[in-house]
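Visitor: Hi! Could you walk me through this one?
Guide: Happy to. Here it is.

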Amino acid sequence: MPELPEMEHYRSQLSPLLCGQRITGVTVNRAKTINEPIEAFESALRGRTILFVERKGKHLLFHLDDGHRLHLHLMLGGWLAYGEQGPKKDSHFQVILRFGDGNSLFFGGLRLGYLHRITAKAALEEMKELGPDPFDSRLTLEAFGKRLSGKKGKLKTTLTDQRFLAGIGNCYSDEICFDAKLHPAAAASSLDSASVERLYNSIRKVLVEAKEVGGYMEHPLTPDDTLTGGYNDQCRVYDRKDEPCLVCGTPIKFETLTGRKMFYCPNCQKDS
DNA sequence: AGTTGGACCCGGACGC
DNA sequence: TGCGTCCGGGTCCAAC
């Protein structure tokens, strides 16, 4: 479930904690989470130093001093914790990285999620299909409008397409459409120029707001982290079926669109 | 090309 | 309290 704001929040919190840290211990409790035999994974990581943490869409890449990357995707339910001890028993975490200063990074809830050790080249290869970051300065309103006009699908489907933009998922696509007063099932290429501009601005506005209040992850990263999860009660439409629209009071509608949950206000959100 | 449906996975919610 | 069942959700892939 974590989307761009959650992963960016993780990245910015983890960067000062992890940069320059040397991995002194590795525990893997779930073999499927990683991409090589546990022994090989552990011995390759032990002694390595984390240089920096990079985010691409919903992916995190931990850059190691041997040219390899640890590639993390949390998928649904994945979460991270950092500190001297984890918030649960060690055995509940799929992977634990221990550092020289006594702190550890705990990887929890990885069911479909994964932590792969790959080369820099492989990382580039795996990220090359991703669309631009929503905050990429080259993604001007004009460039965005051009990309959008070439899409034949529905608006929500387009927003969650990682090749169109990297990092938007089910929750924020609905929140963005609400903010832009656009129906999520509208044809993406049918929007008039005023709508395209509202959408462009809403993407940045919603993602920035969510990031600033700590995203919607439930677990704090560290014991003294009070910021994480601040967006939980700020969703205006997502998971608010039948609750009144915060703008007009109309009950929020819930439908599925190509198999995914879709929440919107039938009064505020129009087709173009 | 876009849409649909199934597979993947298992913690947590729910029912009895 | 305990045990069984089912759901969810991002991504990939095959079939329309």
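Guide: Let's begin with Arg-260, where a polar side-chain atom lies 2.4 Å from a phosphate oxygen of DNA strand C. That is a polar contact, meaning a pair of N or O atoms within 3.5 Å; within protein, one must be able to donate a hydrogen and the other to accept it, and residues adjacent in sequence count only if both atoms are side-chain atoms.

Visitor: Before I go on, what kind of model is this?
Guide: This is a predicted model, where local features need pLDDT of at least 70 and side-chain atom pairs count only at pLDDT 80 or more, while totals for chains, interfaces and linings use all residues. Residues are numbered from 1 along each chain as its sequence is written, chains are lettered from A and ligands numbered from 1 in the order in which they are written, and side-chain values use heavy atoms, with hydrogens and water left out.

Visitor: Thanks! How far is the side chain of Lys-261 from a phosphate oxygen of DNA strand C?
Guide: An N or O atom of the Lys-261 side chain is 3.0 Å from a phosphate oxygen there. For Lys-58, the distance to a phosphate oxygen of DNA strand C is 3.1 Å.

Visitor: And which residues surround DNA strand C?
Guide: Among them are Met-1, His-73, Met-75, Gln-162 and Asn-170. Here a residue is near a strand if one of its heavy atoms lies within 4 Å of it.

Visitor: How does that surface divide by class?
Guide: Near DNA strand C there are 4 nonpolar, 3 polar and 4 charged residues. Ala, Val, Leu, Ile, Met, Phe, Trp, Tyr, Cys and Pro count as nonpolar, Asp, Glu, Lys and Arg as charged, and the others, Gly among them, as polar.

Visitor: OK, on to DNA strand B. Which residues are around it?
Guide: They include Lys-32, Leu-112, Lys-152, Gly-153 and Thr-258. Of the atoms of DNA strand B that come within 4 Å of the protein, sugar and phosphate account for 84%.

Visitor: What is the class make-up near DNA strand B?
Guide: There are 6 charged, 3 polar and 1 nonpolar residues.
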